[in-house]
Amino acid sequence: MADVTPRRYPEMKGKVALVTGGTTGIGLATAQAFAHEGATVVIASRNEKRAQQALLGLADVGRVSWIACDVTSGRDVERLITTISRDHGHLDYAFNNAGSGGKMSPIASMSEEAWGKTITGYLTSVFLCMRHQLPVMLKAGHGVIVNNSSVDGLRGYPLTGGGAYAAAKHGVLGLTRSAALEHAKDGIRITAICPGWIGTPLVQNYIKKNEEIGARILGQEPIGRLGTPAEVANGVLWLCSDASSFALGSPMILDGGYMA
């Protein structure tokens, strides 16, 4: 049965939206939401097999394509944005969602390699994306960038081993706020979203492997459940929409009461 949910943001029709890490979880839900609003969507990721599966599921929603990209590679990101500019002429929305990290371990025993991989995968990647997205948006005189941080960008990681992840996500917020101030008068809005525990495939598998950890995670959510990727996608689209025209720099927290 066709989706008959009405469009909420008619201004998105015909616009171009980029979603990094758009083949699963929050990214996939956001790509679907943009496509439903009539935007032309580009998803970027490393895994072609997963991308083809995502494209198959999105085929009936709207115009969605995939470009291979490792967001930890400046050369890859530059090629991604160049391709979007060539094929579509402009970039209106960017959700910098992709992230990856090294092995989680306590700070006292964490290797430099694991630290570096996590900072690169979750923070440097956001810098690289904005570094190449901004000139395109500045040339057009408009655009919205939403960076995916976390509630762990607002507090310490609540489980042992997440120090590097929390540091990276704090960094995303510092980077977001600074970039937002730099371009506040340029027609570019830059902000971030801070999800709590969301029921992505990664988190669901994490919980299944350890019932004790799963119980602790659910215990951190006053609402009594995990959030859904679609709920985060709703927040991202609102931040990109004209309805949030005065939202700049400060992050949106979607956490089921986690930070309350």
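What covers the buried residues of helix 5? Helix 4 (112–140), strand 5 and strand 6 are among the elements that do. Point 4 returns to this helix.

1. **Basis.** This is a predicted model, in which local features need pLDDT of at least 70, side-chain atom pairs count only at pLDDT 80 or more, and totals for chains, interfaces and linings use all residues. Residues are numbered from 1 along each chain as its sequence is written, and side-chain values use heavy atoms, with hydrogens and water left out.

2. **Overall build.** The protein chain holds eight helices and seven strands. These are DSSP runs numbered from the N terminus: H or I of at least four residues for helices, E of at least two for strands. The radius of gyration is 18 Å, close to the 18 Å that the globule rule gives for 260 residues, so the chain is as compact as a globular protein of that length. That radius is taken over C-alpha atoms, and the rule is 2.2 Å times the number of residues to the power 0.38. Along its principal axes the C-alpha trace spans about 50 × 45 × 40 Å.

3. Of the 260 residues, 52% are buried. Buried means under 20% relative accessible area, exposed means over 50%, and partly exposed lies in between (1.4 Å probe, protein chains only). The accessible surface of the protein chain comes to about 12,600 Å², and carbon and sulfur atoms account for 54% of that. Areas come from the Shrake-Rupley method with a 1.4 Å probe; for residues, only the protein chains shown count as cover. The chain carries 24 positive and 21 negative side chains, and the centres of the two sets lie 2 Å apart. Lys and Arg count as positive, Asp and Glu as negative; His and the chain ends are not counted. Each charge is placed at NZ of Lys, CZ of Arg, CG of Asp or CD of Glu.

4. The 20 residues of helix 5 should span 28 Å at 1.5 Å a residue; the end C-alpha atoms are 29 Å apart, which agrees. The expected span of a helix is 1.5 Å times one less than its number of residues. Its buried residues include Ala164, Lys169, Val172, Leu173 and Thr176. Leu175 is found in this helix, residues 163–182. At 23% relative accessibility, Leu175 counts as partly exposed. Not counting residues up to four places away in sequence, Leu175 touches Leu123, Val126, Phe127 and Met130. Leu175 and Asn147 are 28 residues apart in sequence, and 9.5 Å apart in space from C-alpha to C-alpha.

5. **Helix 1.** Ten of the twelve residues of helix 1 are buried. Among them are Ile26, Thr30, Phe34 and His36. Gly38 follows helix 1, with a positive phi near 95°.

6. **Arg7.** This residue sits in the segment before strand 1 (16–20). At 45% relative accessibility, Arg7 is partly exposed. Neighbours within four places aside, Arg7 contacts Lys13, His36, Glu37 and Gly38. The C-alpha atoms of Arg7 and His36 are separated by 7.0 Å, at 29 residues apart along the chain.

7. **Helix 8.** Helix 8 covers residues 229–240 and reaches 17 Å from its first C-alpha to its last, close to the 16 Å expected. Pro229, Val232, Leu237 and Cys240 are among its buried residues. Their cover includes helix 1 (25–36), strand 4 (93–96), strand 5 (143–148), strand 6 (188–195) and strand 7 (252–254).

8. **Ser250.** Ser250 lies in the loop between helix 8 and strand 7. Leaving aside neighbours within four places in sequence, Ser250 is in contact with Thr191 and Ala192. Ser250 and Thr191 are 59 residues apart in sequence but 6.0 Å apart in space, C-alpha to C-alpha.

9. **Arg46.** Is Arg46 buried or exposed? It is exposed, with a relative accessible area of 58%. Arg46 lies in the loop between strand 2 (40–45) and helix 2 (48–58). Neighbours within four places aside, Arg46 is in contact with Cys69, Asp70 and Ser100. The C-alpha atoms of Arg46 and Gly257 are separated by 33 Å.

Technical notes:
Contact = heavy atoms within 4.5 Å.
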